[in-house]
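Please look at the sequence and the model below before reading on.

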Amino acid sequence: MAGIELKSSAFNDGALIPRRYAMEGENVSPDLSWSGVPDGTSELLLLCEDPDAPSGTFVHWLVTGINPASTGVEAGQTPDGGQPLMNGFGESGWGGPLPPPGDKAHRYFFRLYALAEPADLADDASAADVHAAVDKQQLASGTLVGLYQR
């Protein structure tokens with residue numbers, strides 16, 4: 001399977017996410033850029049999840065229907081053509097990191113999937129729902145991991 005290169009000017013892979021993007025900061029989504037979307041992609045799907053959350057994997061951002069010709073998204077914006085779904089806070093769109101105080105740094109996995117067909121997800125889809133849906137039809141994917149600690 002081909003790979004998508006996913007980056008942010010806000011933080012490097014494996015580095016700390018600045019407070020600006022956290023729930024306790026300005027709570028704006030970080031900018032992202034990507035390349036390597038394969039031909040035949042029907043849509044892109046963006047997921048940001050925290051597998052270190054005490055209650056299980058927590059969805060911080062889920063956007064479907066992203067234009068496969070797009071190459072990124074600016075901070076605080078929704079990707080071109082994208083439909084933001086519910087995050088784990090019960091709100092539509094981005095919900096920044098908010099790990100329990102004193103926890104070791106949580107990992108935030110930003111995953112971009114190139115899909116052969118549009119994703120069929122409920123508005124309140126869990127991370128497991130997303131993985132089950134994309135595992136069947138992804139053409140390529142890219143991952144960027146950020147860390148955050150309070």
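The paragraphs below take these contacts in turn.

This is a predicted model, in which local features need pLDDT of at least 70 and side-chain atom pairs count only at pLDDT 80 or more, while totals for chains, interfaces and linings use all residues. Residues are numbered from 1 along each chain as its sequence is written, and side-chain values use heavy atoms, with hydrogens and water left out.

The aromatic side chains come first. The structure holds 4 aromatic pairs. Rings of Phe, Tyr and Trp (its six-membered ring) pair if their centres lie within 6.5 Å; planes under 30 degrees apart count as stacked, over 60 as edge-to-face and the rest as tilted. Tryptophan 61 and tryptophan 94 form an edge-to-face pair, because their ring planes stand at 80° with the centres 5.4 Å apart. Tryptophan 61 belongs to strand β6 (residues 58-66), and tryptophan 94 to the loop between β8 (83-84) and β9 (106-115), so this contact ties together parts that are 33 residues apart in sequence. Strands (E, at least two residues) and helices (H or I, at least four) are DSSP runs, numbered from the N terminus.

Are these two side chains buried or exposed? Tryptophan 61 counts as buried at 3% relative accessibility, and tryptophan 94 is buried with a relative accessible area of 10%. Here buried means under 20% relative accessible area, exposed over 50%, and partly exposed in between (1.4 Å probe, protein chains only).

Tryptophan 94 also pairs with phenylalanine 110: the ring centres are 5.9 Å apart and the planes lie at 15°, so the pair is stacked. Phenylalanine 110 sits in strand β9 and tryptophan 94 in the loop between β8 and β9, so parts 16 residues apart in sequence are tied together. Phenylalanine 110 is buried, at 0% relative accessibility. One aromatic cluster is formed by Phe11, Trp61, Trp94 and Phe110.

The charged side chains come next. How many salt bridges does a search of the whole structure find? The search finds 6, a salt bridge being a side-chain nitrogen of Lys or Arg within 4 Å of a carboxyl oxygen of Asp or Glu. One of them joins glutamate 5 and lysine 7 at 3.7 Å, N to O. Glutamate 5 is partly exposed at 44% relative accessibility, and lysine 7 is partly exposed at 45%. In another, the closest N and O atoms of arginine 20 and glutamate 26 are 3.2 Å apart. Arginine 20 counts as partly exposed at 36%, whereas glutamate 26 is exposed, with a relative accessible area of 53%.

Arginine 107 forms a salt bridge with aspartate 52, with 2.8 Å between the closest N and O atoms. This pair links distant parts of the chain, 55 residues apart: arginine 107 is in strand β9 and aspartate 52 in the loop between β5 (43-50) and β6. Both count as partly exposed, arginine 107 at 35% relative accessibility and aspartate 52 at 22%.

The last topic is strand pairing. Two strands pair if DSSP finds at least two bridges between them. Strand β9 pairs with β10 in the antiparallel sense over 10 bridges; leucine 112 has glycine 142 in β10 as its bridge partner. Strand β10 (residues 138-148) also pairs with strand β3 (residues 15-16), in the parallel sense and over 2 bridges. There, leucine 16 has leucine 147 in β10 as its bridge partner.
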